[in-house]
Amino acid sequence: MKFLIVLFVSIVFSMTGKELSILMDNRESPKDVSSELNMEITNKKGRVRKSKIKSISKDNNAKQILWFLSPADDKGISYLKIEHDNQDDEIRLWLPGFKKFRRISSNKKADSFMGSDLSYEDMTSRQMKDYSFKIIDSNADIDGKSCYILESIPNGIDSEYSRHITWVDDNTYLAIKEESFNQNGNLLKLKKIKYKLIDSFHLVSEIFVENIQKKSNTKLTFSNLNINTGIKNKMFQEKNMKRLPRK
Amino acid sequence: MFNKYIKQNFIQQTLKFPLKTIFISLGLTAIIGLGLLWFEIDDDFVKLLPQDIPSKIIWDDIQQDFGASEIMLIAFGNKNKSIYRKEVFDAVWDLTDSLKIQKDLVEEVISIKTLNRLESKDGFMEVGDLFVNSEGILTKNIDNKDIENIKNYLGDNPNIKSRIISKYDNYVSIVIRPVLNTNMTETVERIKPIVTSVLNEEFEVHYAGQVYITGEVPDLIKKDTSTLVVLAILLMIIVLLINFRNISAVLMILIIIILSMISMAGFMGWMHKLTGLFIFKFTMMNTSMPVVLLTIANSDGVHILTRFFRETRKQQNVKDGVKTTLEALFLPIFLTSFTTAIAFLAFIFSPVEQMTGYGISIAFAIMWAWILSTTLLPSMILLKKWNVDASYIKKESFIEKIVRIIGKNISKAPKKVLYIAISIVLVSIYGFQYLDIEVNTSKFFKQGHPIRESNEFVDYQLTGSMNFLINTIGNHKDPNVLNDINNLQVYLEKQDRINTTISIADIVKQMNKTFQGNNDAYKIPNEGKWDVYCKSDYDISEFKFDVNGANDKLIIKTVSNDMEHEYLEITHKPANHISGRITNSNHPIYAWETTLISFTSDKKPESLNNINITDHNGNLQDFVFVDSNKEKPLNSLWIKSVDQMKVDNLFTLYEQGGGKSDDFDAVVQQDSLGTYNNGLITGMMQSISTKETIKLVNDLESYIDNNISSNLETKISGLAVFFRDFVNLLIQSSIISILISIFVIFIISWFFFKGLKWGLLAIVPLTCAVILNFGLMGLFGIKLSHITAILTAIIIGVGVDFAIHYISEFKRNLKDNIPLETITKDNVDDVGYPILLDVLSNMGFVTLLFSTLIPLNYMGGLMVFAMLSTSMGTLTLLASLIEINKEYLRKNKQ
C-alpha cells in the first residue's frame, strides 16, 4: 500500500530522491532465494581466479549464508550475514583450517570480500536513514532504457565511499549501474547489474564490479536460482556455516 | 709448387709494381674497412655467457617466471648515526619515487617505502603499507613517532628488517630489480646520477649487487685498457725506434698494424651486418684482440724490416735486399700467419660462443696482416729512398750484438742449455696442481678499491652482494613442501657466507604469526592434524574404520561434524581403529561434506580401511574411501590435512586484509588454475670466490639429495651458481684450443717443412711455453679467469711464430750448405734479432700491471712472460735440440 501511495505521489508530483529509494527498497521480493554463484576475479595483470559459491538468503537478503565450493583452497570457507535495523549488521567468517569464526566488525566493512572488488559494505543493504538521496536526472537513458540517476550520500556513517551515483530503471526501479566514489571524491568503483525475471520477481543474475583505481574487476554470475523453497530462519546460524548444504 | 708459383708471382708483382701494389692493398683494406659502419660494441657481459648449459637455461626460466634475479643495491647512511631520523626517511621516499619512474629500466624497488606491514587486528590479518603516518596513510609527512612505529615493527620482524637495514641501524638500503634483459651497464649509468641528485652529500653511499658490478666492469676494463694500451704502443714505438734508428721503418710497421686493426674491425662489422650474429660484436671478451693482433702484425713487420736491413747491409742494394728478404721470409711469414690463424680458428670448438667470433675475426685479421706485410710493406720499402751507407743499415744494433752472444753460447754448450731449459719447464709442471680459477667479477678489484670496499660493506653490514636461486616445484600450500623449503633455508642460513634467504615459507610463517597474534606462531602450520570428511545424503548414527598409514601415535583430537557433538561416543582401540556411535538417536551426524572426526598423526595417513557406516535408520551403508583431490561420489569418505587448510585460509585472510595475490610474485607463481606450484628461494650471501661457490653449490646439492622429500623438486641457479658451470667451460675451452692448436701446427709444419721431425720441433717451444705459463700461474697464485684465459690465444699466436722462423731459416741454411760448426750460430744471428726485437717491442704491455683490475694486472705480467718464454724457448730449447741433432737433420734433410 505504501508503495502505491508513494508511486501515486511520485507520479503526480516530481519524485524526490528519498521517494525513489523507497520505491527501490519496497519492490516485491521472494521470501527466500537459493542460488549458485560463479565469481571471477581479474587482477590488473589479467590473472583470473574463479570461485564457485552456494548461497541462501532470506528477507530480501537481510539474512544470507555463502559457502565456497571451489577452488579447493577456499572450499569450506563460509560467510554468514545478518542485517539489523537498529544495531550493527553481523558478518561472520568461518575458517575451516583454524576451526574458528571471525566476526567482521563494522569498521572493517571496507575490507575486500574474498579478495574480490566487492567490499563487505557493497554486500550489505543501505539503510534509508543512513543516507541522503537526490535525483540528479529523471530522464536519463542507459542501454536503451530510460532511467533516473540517483545520488546517495552517506550521512554520518562509517563508509569507504563519499557518494554513489546510481542509474535506476524507471519501470522496474532496479539499479542497473552505479558509480561509487571514495572519500577523496575520486571514482573508485563502477558496478553493473543484470536481472532475471523468475515468477514475477526480478532477481540479480549478474554483478560486474570494476575497481577503477586498482584496475581489477569482479564478475558474479548467479545460476540455479530457486525461490520460496521454505528456507527456515534457523538455517542462518553459525553451526550451519561449518557444513555445506545438501543439494 | 706453392714455393715456385705463388711465391714467385707474389714477389715479382711487388718488386715490379710497388705503387700499384700499394694502391691495391690500400683499396682492398678500405673496402674491408667499410665494415666499420656496422661495427658494434656491446657491454652486456651476461650475453657472453654460454646460453645452452643447464644452469643458464634454468636461470633464464626462473627469470622469465619471476623477473630479473640479479639486483643493484644502494645503501646509504652515516657511520655513527641511526637511520631512524626524518632526513633519512625523506631520502628513502624521494629516491624510491625517482627510481620507480624509470619504468623502462626498473621493474621493482624494494625499500621501507614499498614494504608491506602485516598486523593482527580484531582477529584478522591487516595488510597495509609500512611507511605510514598515525592515520595509516602512506605519506612522506611522517613524524618521529611514526618513525618510531616503523622502527618497532621492523624490530619485531627481524627477517624483514635484515633485508633493508644494516646490522647497527646506521645504513638503509634500497634494492632495485631491473627490467629483464636490460643492459646492466646502461642501468648503472642511469641510476648512479639519479642517486647522486637525490641523496645529499651528507650521506655515505655504497653500491653493490651483481647488476652494479657487471655494469661497471666493462667500462673500467675499457678505460683501463685504452689508456694502458696506448702507453704500450708508445713504448713499442720507442723500442723500435731505438733499434731501427730510423723513423720510416717504425712508421711502416705502424701503418701495417693500423691497417690490420682497421681490417679486423671492418671484418667484424661486415660479418655482423651479413650474419646478424652476436659473436661478431665487440664485447668484453674481445678486448684482448687488438693486443693480440698488435703483437702479430708487429712481428711480421719486424721480421721483414730487420731482414731487409741485414740483406741490404750485405748486398748494398735496396731492391736486392727486398728480393732476398721476401724470398727468405715469404714462406715462414705465411706459415706463422697461417698456423696462428688456424690456431685461432680452433676457438670454433670453444663452448664459449663468443670465442668463435673472436677466433674467426682475428684469423682473418692475421691473414690480412700477412698480405699487407708481404705486399704493402715491401712496396713501401721499395719506394722509399734509403741511404745504404747510413748507420741504421751499416751498423749492427745493440740487440744484434746480444744475439751473437746467445748464438755462441748455444753452439758451445747445447746440452747444458737444453737441460736447464727442460728443468725450468719441469718445475713449472708442479704448479699445475695449484692452478685456481676466479670468475667472480667482484673479486677483480684490489683491496681498497671503492667497488671492492662497497661490496664488502654490503657483505658484512647488510644482506650481502651476491645471490643464488633455488627454483622449487611442488604445491607451495602443502605444509610438507613448505617445511622442506623452510628446512632448506635453515640449512643455508647456517652456512658461513649466507646472510639470509627468502621464500614463500617466510611469508606463510609471517601470516601465521600475525593471524595468531603470537610470536611463537612464526612457523609453518604443521601439527600433523587430519580431518576425516564424509559425503552422504543420509545422516549417520555410527561409523567405524581403520586408518591406514598413520602411526601408532594416532590421537583423536576432536569429535563430530560440529566438533562439539555431545552425543557422540568414541572408541579408539586398537591403535589405528576409530569407532563413533551416537548415544541420542535424535541427533545423528549431518553427513554432507563435513568432518566426521579429527586426529593427529606424525605420519601422513594413506587411506581408510574396513569402513562400516550405519545411517540414522540403523541401515548399513556402503561407503568408499577416495583421494581428497579427486571427485567425491555419494557415500564417500576422505582425509584432508588440517595444516593444509590453515595455509589456504591464511592466504584467504591475507587478501581479505588488503593484500593482493601478486604481492607474492617474487617468491611464488600461480598456474592457470591458481595453484602455487612454482616457487623461488633467494639466498643473499657475501661475495665469495669461485672455489667457495663451487663448494657451496655441491654441498647444497648433496643436502637436497639426502634431506628433501620427493614432494619438492629443486633446481639451483643464479649468476653465482652459473659461474660454477662457466668455470668448467672455461677450462675446457682453454684445453681444447691449446690441444687443437698444437696438433694443427704440428700437421702444418710437418707438411710444409716436409718431415715429421720438423713438425715435432715446431711445437716444442709452444708446448713448453704453455706449460711454463700455466704452471707458474699456479705457483704464484695467479688465478685463471675469462680474461686471463685469453692468454692461451696470445701464447698460441706468438709462440709458434718464433719456432717456425727458426726452423725455416735452419732449413735454408742446410740447403745452402752452411757448415755444421757454425750453422746454429748463424741461425741464431739471422732470426734471433727479429725475435728479440719483437719481444722487446711488445714489452710495453707491462703497463697493464698498473691497471686497477687484477685480471688486467695478470694479463700484463703474463703477456710479457709469454713473449719471453716463447722467445727463449725457441732460442734455447729449440736451438739446442736442433744443435744436438744437426748431423741427423743434415743427413735427412728434405
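## Ground rules

This is a predicted model, where local features need pLDDT of at least 70, side-chain atom pairs count only at pLDDT 80 or more, and totals for chains, interfaces and linings use all residues. Residues are numbered from 1 along each chain as its sequence is written, chains are lettered from A and ligands numbered from 1 in the order written, and side-chain values use heavy atoms, leaving out hydrogens and water.

## A four-stranded sheet

Chain B has an open, antiparallel sheet of four strands in the order β2-β5-β1-β6. At its edges stand β2 (106–110) and β6 (204–208) of chain B, each with a single partner strand, so one side of each has no neighbour in the sheet. From one strand to the next, the twist averages 20 degrees. Strands here are DSSP runs of E, at least two residues long, helices are runs of H or I of at least four, and both are numbered from the N terminus; two strands pair if DSSP finds at least two bridges between them.

Strand β1 (residues 72–77) and strand β5 (residues 171–178) of chain B pair antiparallel over six bridges. For B:Phe76, the bridge partner in β5(B) is B:Val172. Helix α4 (residues 86–100) of chain B packs on the sheet and touches β1, β2 and β5 of chain B (contact means heavy atoms within 4.5 Å). The direction of α4 makes about 10 degrees with that of β5(B); axes are lines fitted to C-alpha atoms, for helices over the stretch in contact, with angles from 0 to 180 degrees between N-to-C directions.

## Aromatic pairs

Over all chains, the structure holds 41 aromatic pairs. Rings of Phe, Tyr and Trp (its six-membered ring) pair if their centres lie within 6.5 Å, with planes under 30 degrees apart counted as stacked, over 60 as edge-to-face and the rest as tilted. One of the pairs is B:Phe244 with B:Phe309, edge-to-face at 5.6 Å centre to centre and 80 degrees between the planes. This pair links distant parts of the chain, helix α8 (residues 210–244) and helix α10 (residues 289–315) of chain B, with the two residues 65 apart.

B:Phe244 is buried at 1% relative accessible area, and B:Phe309 is buried at 4% (buried is under 20%, exposed over 50%, partly exposed in between, using a 1.4 Å probe and protein chains only).

## Charges over rings

The charged end of B:Arg117 sits over the ring of B:Tyr153, 5.2 Å from its centre. Likewise, the charged end of B:Lys640 sits over the ring of B:Tyr533, at 5.4 Å from the centre. The test is NZ of Lys or CZ of Arg within 6 Å of the ring centre and within 35 degrees of the ring normal.
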